[in-house]
Amino acid sequence: MRPTGAPRWAGALTAAGLVLAVAGCSPGSPGDRAAAPGPVPAVVTAQVSHVLTAVGQVDPAALDGRFGGAELDVRRAAVAVRAQVPTAPEPAPLAGRVLMTAVPPTGEWPRWFVTALEPGGGAVPQVVVLEQAGPRDPYRAVAAAAVLPGASLPELARDGETAEPLAADAAGLLATPADALSGYADVLTRGDEAPAAASTVDDALRTQVLSEQQAERDGVSQFVEYTAAHAPREGAVWSLRTADGGALVLGVLSGTRSFTPRGVGVSQTLPPDLAALAGRSDAPDGLEVRTAEVVVLHVPAAGAAARVSLVAGARGTTGVEVR
Amino acid sequence: MSGGDAAVLPPVETRRDARPARGVRGARPRTGLRGRWVAALAVVLLLTGALLATVARPAREARATVPTAGSAPLLVLDASVLGGLDGRDGAVAVRATGSGPVLVATGTAADVSAWADGAATTTVTAADTAGSLTASTSQGEAQVPDPAGSDLWTAQATGTGSAELTTELTTELSTELTTGAPLAVLVAADGATPAPTAVELVWTERPVPLVAWVLLGAGALLGLLAGRRPPRREPVVVVLPVTGPVAARSPGPRPPVREASADADDTEPVLLRRPRGSDRRSPR
């Protein structure tokens, strides 16, 4: 029998492979960590789950534990109304299947991240901003908006596990995030007369707010001076770069509708929900109704053919002030 | 059985040339059998060594006790502590024992530091790579809010009297896509009372045992020996004439008659093997 070289080479190769395999298994070898480096997110998945669970199970008696900003104002008002008006709708918990989470890189406080939740049961998905004021503070839901019918959230630019936050004055967009927000507030205030109206796609929230204001003005203008104004709420703008080079701008607008009698003897009776908030049912010297509008705008990149469009929005009463 | 070898052979009887030559068995196969045994032994040694170095690697428990110091409400094991265990296999358990509520939490070193900022804190650092720990206490708030449940913690364990948090032994906040944030551990009671001072790190070491390296080395050595190709031997076909001794026809070296005689008969040609080149001494 003539000896062949193949089995010997196979044996030698096996031996070499075994030695290499063992060497590869030894601790501390460079192959232990295969993860690609990327920015460290402000929160990892386990923390997001912890936060969202806490937000979804918040104690109604301690709303400020997990709600803040406009969301806390709206929920507190809703609780106050419901205490007086049992038929008033109960604020829905912010819970559901997580459709999307966008976490900026870790950094100084306040920190924030955005998530989209699908409550289930046919309810509309909610876009939620959660903010942490300081290291010892919890993340609180500070803004929530419902995705508009037919709209979808634009895809976000990602770097590893993080999303790219943009400053309120970030350039390279059709409008800076701050300008886009104030422009939309102006559209809600003045309608088509607003300069930003032409560069903003019409949407359901805008139609509802403008028609409601028009109806109120028409109803009371004979005896009451009526004004309605919207302006960005201080410190409530969060922006993320989208994959198309634009931005997803989340912000809160403060709305104020003012009713001032034109003369003596004009009495205004408040509807039950506003009376519950005002603590009285009449307003002889006028009143102001305050609202919060949460808007989620897609702002295209500069030079793009598209216009600013609202992808999610919500509106809630935050308070009534009787003069 | 090259033609060159045959050319220098003595004349052969043509009548027998057409008959197939028969091989002489025994000489070469004895060497191959030994080689196979050596190769098999090498594989066994390598496999045993590989098993001991991988799945069958023996485990041993290692401990480090955190030195007690001060009455600060927070105790922080900084990134150097878990970093000092880097490269060791498996998970590490941080056990804290106190008299009331006990919290053990992990977070990025920056986040733990941010939470503890301003508070009196006992910070434990690794003094050297041998696992010895040192502690120092900073001045600050003697009472802080309860750190349990903070959103900054990537993991936490709470208990009454004691708490134990087992975490993957890694120095960094590491997820599928991200690395780079060193981890620290926070130990506290409820923020209002001093942090537990009985804190212990327990981890499992699974070093590759020496015997595994010895087996692998021996196996590799034997594998190399078994893989060595012996001097090549070309079979030389010699067809012996029916009559007369081979030596009478050839002045070359005497043919290995002893091997050939095993199954030779005087009337049959036989195949003989000779080392390559042994026939080169025949006169030209």
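These exercises work through a predicted model, each with a solution.

**Exercise 1.** Find where in chain B pLDDT stays under 50.

*Solution.* Start with the whole chain. Chain B averages a pLDDT of 73. Of its residues, 61% score at least 70. Now look along the sequence. Over residues 1-29 of chain B, pLDDT stays under 50. The model has 43 contacts beyond four places in sequence for that stretch. Residues 257-270 of chain B also stay under 50. Here the model has 19 such contacts, beyond four places in sequence. Take care with both: where pLDDT is low, predicted coordinates should not be read in detail. For the complex, the predictor gives an ipTM of 0.84 and a pTM of 0.74.

**Exercise 2.** Trace the nine-stranded sheet of chain A and name its edge strands.

*Solution.* Write down the order: β1-β2-β3-β4-β11-β10-β9-β8-β7. The sheet is open, and its pairing is antiparallel. Next, go to the edges. Strands β1 (97-102) and β7 (165-166) of chain A each pair on one side only. Then zoom in on one pair. Strand β3 (residues 126-132) of chain A runs antiparallel to strand β4 (residues 140-147) of chain A, and six bridges join them. Across this pair, L130(A) stands opposite A141(A) in β4(A).

Methods
Residues are numbered from 1 along each chain as its sequence is written. Chains are lettered from A and ligands numbered from 1 in the order in which they are written. This is a predicted model: local features need pLDDT of at least 70, side-chain atom pairs count only at pLDDT 80 or more; totals for chains, interfaces and linings use all residues. pLDDT is the predictor's confidence in each residue, from 0 to 100. Two residues are in contact if their C-beta atoms, placed from the backbone, lie within 7 Å. Two strands pair if DSSP finds at least two bridges between them. Helices (H or I, at least four residues) and strands (E, at least two) are DSSP runs, numbered from the N terminus.
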